[in-house]
Amino acid sequence: DLSGVLTNFCQKKQQKKDRTKITTTEVGCLLKKGCSKKKKQQQQHSDAHRGGMNHLEIEVADETVSLKNVDEEFSTSSTAAAAQSSSKSPQFSGMLTNTSDDSFVCFVMEYVYERYLQTTKGRCLLLLLFLLSGAMVVVLQPNKSNVEIPMHDFSDIESPTDLEQAEVIFENRCRKDADICRCGDPLKPVQRDERHQERHEYLTNIAIPNYVKSVDSQDLVFLGDSITQNMLGYYIDVLKRFKYTEDAIIFNQYFSLKYGGKINGLALGIAGDQSPHLLWRIQNGELPETLNPKAFWLLIGINDLGLGGCSAETVLIGILGVVEEILARKPSSKVVINGLLPFSEKRNGRLGKQWERILAINEQLQLFTEKHDRTEYFDATNIFVEEDDGGNMKINTDIMPDRLHPNHIGYSMWFEKIIEKYFALSFDN
């Protein structure tokens, strides 16, 4: 049966030239080549065990593997290994011996040869493993080369113009492992859709004017995406649907003097926004002349990395573009850059490829703030990340259930640290 299967396969896949004949034993040796090589031993040991073999001749093209040295490399084996193998499969005696190769694929192939060679199912399984072994090795081995980090240092950037000139130095805007890349120019302002316009109008026409009129001191304004939007309690429809009321209550407890908070804060966030979307909002009404807080708290970029499929360097440039826009429009305000919060695609919350990119981006953001006045960096990693029983870093899903957005408990812990950071800032005014 094995002879027939392999004959059909070889006739279809191999060129019909320069053929040579090999025995069933040598077919087994050929399949095993690449997993391990046997030491050369005396030919007489092989002859002693191959005398009674049932030689099935199969024609195989000699294109990919030279069979000239097959006998010399594989046919001989130690007496002990030959005796052990021949007791179960005399046709392949001496083929399965101890090997220094401990790969998973080789182990499975040897096990199948030893235990199931004499059954049709075993032979079919063996052939399947042989054909797919290369793909299995690729899948089983982790590939960390796809995790790119920012290639250039943008910490000396002084203006949006500098960023535009620096943007030409990187070639690929997309992550290497992104299935779909929607990453555009990180410095080009972009409006999304009608719903985005609706939310933007709510912030510019209602939220900001109400804040300016109702507070005596403009202390802190948050700018960002859904993580910022949820602070106000709404998510889908800013006018009708309040989904996260507990988050809004927690926000007022910290950022509304009217409700017992320590400072006055305003959250300006739209779910799904990337850096170019926030840049468009800033340039189209969300930083009016009447809005002049002591500090802006910026958290943006996670959607660029996830939804946009952008590379780490592209995300970094987009964030810095927003920072420079705020600094240029609000010369009396400070900007606190909140490092990207941890994110995991795994249900157990364990951090993986995206976390490596986030760390690289955050490192560059911190370096930028160290070289620029009126900017500060804040890292919330220790709030949301913990170590599991195996010593791996993971997201604390008790306070970040979807592994991206904090719940009201997570917000409370985060807000406590934000207040501490705010009072540690020095303001000229």
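**View 1. Asn338 sits in strand β6, residues 334-338.** This is a predicted model, where local features need pLDDT of at least 70, side-chain atom pairs count only at pLDDT 80 or more, and totals for chains, interfaces and linings use all residues. Residues are numbered from 1 along each chain as its sequence is written, and side-chain values use heavy atoms, with hydrogens and water left out. Strands are DSSP runs of E, at least two residues; helices are runs of H or I, at least four; both are numbered from the N terminus.

**View 2. The surroundings of Asn338.** Asn338 counts as buried because its relative accessibility is 1% (buried: under 20% relative accessible area, 1.4 Å probe, protein chains only). Its side chain makes a polar contact with the side chain of Trp297, at 2.9 Å. Such a contact is a pair of N or O atoms within 3.5 Å, one able to donate a hydrogen and the other to accept it; residues adjacent in sequence count only if both atoms are side-chain atoms. Leaving aside residues up to four places away in sequence, Asn338 touches Trp297, Leu298, Leu299, Phe378, Ala380 and Trp414 (contact: heavy atoms within 4.5 Å).

**View 3. The whole chain has 17 helices and 9 strands.** Of its 429 residues, 50% are buried. Take contacts between residues at least 6 apart in sequence: 76% join residues at least 24 apart. The chain exposes about 22,000 Å², and carbon and sulfur atoms supply 49% of that area (Shrake-Rupley method, 1.4 Å probe).
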